[in-house]
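Welcome, and please get your viewer ready for a short walk. Keep the selection tool at hand as we go from stop to stop.

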Amino acid sequence: MQPLLQRGGQRLVRCAPRALTLVRRHGTDGHGRGTDHPAPPGAARTPSVPMVSRMYQPANLREGGQESELTCRSQRLMQQAGLIHPSSPGCYYYLPATVRAMEKLVRLIDQEMQAIGGQKLDMPSLCSAELWRTSERWDLMGKELFRLQDRHGADYCLGPTHEETVTTLVAHQASLSYRQLPLLLYQVTRKFRDEPKPRFGLLRGREFYMKDMYSFDVSEEAARRTYESVCHAYDMLFSRLGLRCVQVQADTGNIGGTLSHEFQLPADIGEDRLLVCGSCSFSANVETLPSGKTDCPRCHTGTLAESKGIEVGHTFYLGTKYSRIFNATFSNHQNQAVVSEMGCYGLGVTRILAAAVEVMSTEEAIRWPGLLSPYQVCIILPKKGSKVAEESGASAEGLVHALQESLPRLRGEVVLDDRNQMTIGKRLKDANRLGYPYVVVVGQGALEETPRFEVICQQTDETMFLSKDGLVDLLGRVETV
Ligand code: ATP
Ligand code: MG
């Protein structure tokens, strides 16, 4: 065997017959993890190219496991594609490709929250009942709260939201000055709610990820400005994802406060009913209006049309509801303690992932917001034993090399479909179903003097034949996060 290329944990080798194969080098196991044979000291650690044959995205999970009714498109597609797997009602395994998509979404959220001054922290999920009794929500939350006791008999709940927890934290800082406000603290953590009807896969779980941010301001006016800036950040986020959300006036529910909006993604399976004015920008959740209302309360001329939406985000102006109870104060110009004005702002992280798949996919094929796709590019290698397989080794190798060298941003974003016992057609079908934005086929064209590769842009359904340089040029424009 003659090594062709040595990059990180793997090397491409030509073996008899001259088919392109990947062999692991001692030191890593092909996924960048250590093995019994440590890499020599100082060896370069370029990420290896993930192989479809080794990915833990198991189609065999389609059957078995905890039965769950496949109630909507995103749940069915995600389960069938080995993206999620049900464990108990409303609880899921997030399989590796989903974790990649989620990490990307969290990076985007971090960018937008930090752009408006958000500081990330991480609060305990195990929350003492004391705090919840103080706010009177221990009783108010009823069965939705997952409750438990420690060995001493003290009551706890698994955090469904963190107003009590964060306000207690901020209240502990006696020296908080007006100069430090607005203070925006946020986290991305698992939340626990014993939903009466967990369903639709990740859209309504009992254990799910939420981004929750809490703001502390010097005055109502300042808090309203903060509220506006968070709404703007949410608009930015959804527009980067290519999701057209509607911001609707909303009920404040058991969170409390006086001003609230939901960010709703229009979808037939949405569980919220929205009323949108045909003449002005007014839109509201039906819960906020008297039943049967059809005329617009803002412009009084337009008619309200009903549609359905998935609530992907929620913002609340809380006033001093929690800060008063927990005594979260700051010192003003005169060095007097003043109760902070608060806001809280949620984004359903796992719900956004599923909602995006729900509205962007077809019945057969997953489509992601480009930025969230678990991998950007899938290269399909020729079928074993074919003429192309025997003769295209060098050009396929050149292609992988060029992508790794010229496009560092795409490192880790390119996968090789090495299941070379399968026909190209079958693998193309899989790639279509999984929704890689770009699929590159090493076919007949790879044997030409200047090798050409078939490139399918799945978002636009376009097919192109590009040289290695053309492909590098195209993929160089792919946005990643
Ligand atoms: P819903 O009305 O859908 O039950 P909520 O109004 O109770 O949601 P919030 O307390 O506003 O939810 O939580 C903030 C965000 O967290 C929501 O906008 C939503 O995107 C997400 N979220 C809430 N509940 C769930 C859940 N059970 N599964 C997944 N995401 C959820
Ligand atoms: Mg809500």
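Which residue in β23 is the bridge partner of V439? Select V439 together with β23, and you will find that I456 is the partner. Do keep in mind along the way that this is a predicted model.

**The strands around β22**

Now widen the selection to strand β22, residues 438-441, and to β23, residues 452-457: these two run antiparallel and are joined by four bridges.

**The shell around ligand 1**

Select ligand 1 next, along with the 15 residues that surround it. Start with the closest: F208, H314, G346, G348 and R351. Then colour the elements that each give two or more residues to this shell: β11 (207-217), β16 (304-319), β19 (341-348) and α8 (349-360). The largest share, four residues, comes from β16. Coloured by residue type, the shell splits into seven polar, five charged and three nonpolar residues.

**Zooming out**

Of its 481 residues, 40% are buried. Among contacts between residues at least 6 apart in sequence, 67% join residues at least 24 apart.

Terms used
Residues numbered from 1 in each chain as written. Chains lettered and ligands numbered in written order. Predicted model: local features only at pLDDT ≥ 70, side-chain atom pairs only at ≥ 80, totals over all residues. Near = placed C-beta within 6 Å. Nonpolar A, V, L, I, M, F, W, Y, C, P; charged D, E, K, R; others polar. Pairing = 2+ DSSP bridges. Buried ≥ 20, exposed ≤ 12 C-beta atoms within 10 Å, placed from the backbone. Contact = placed C-beta atoms within 7 Å.
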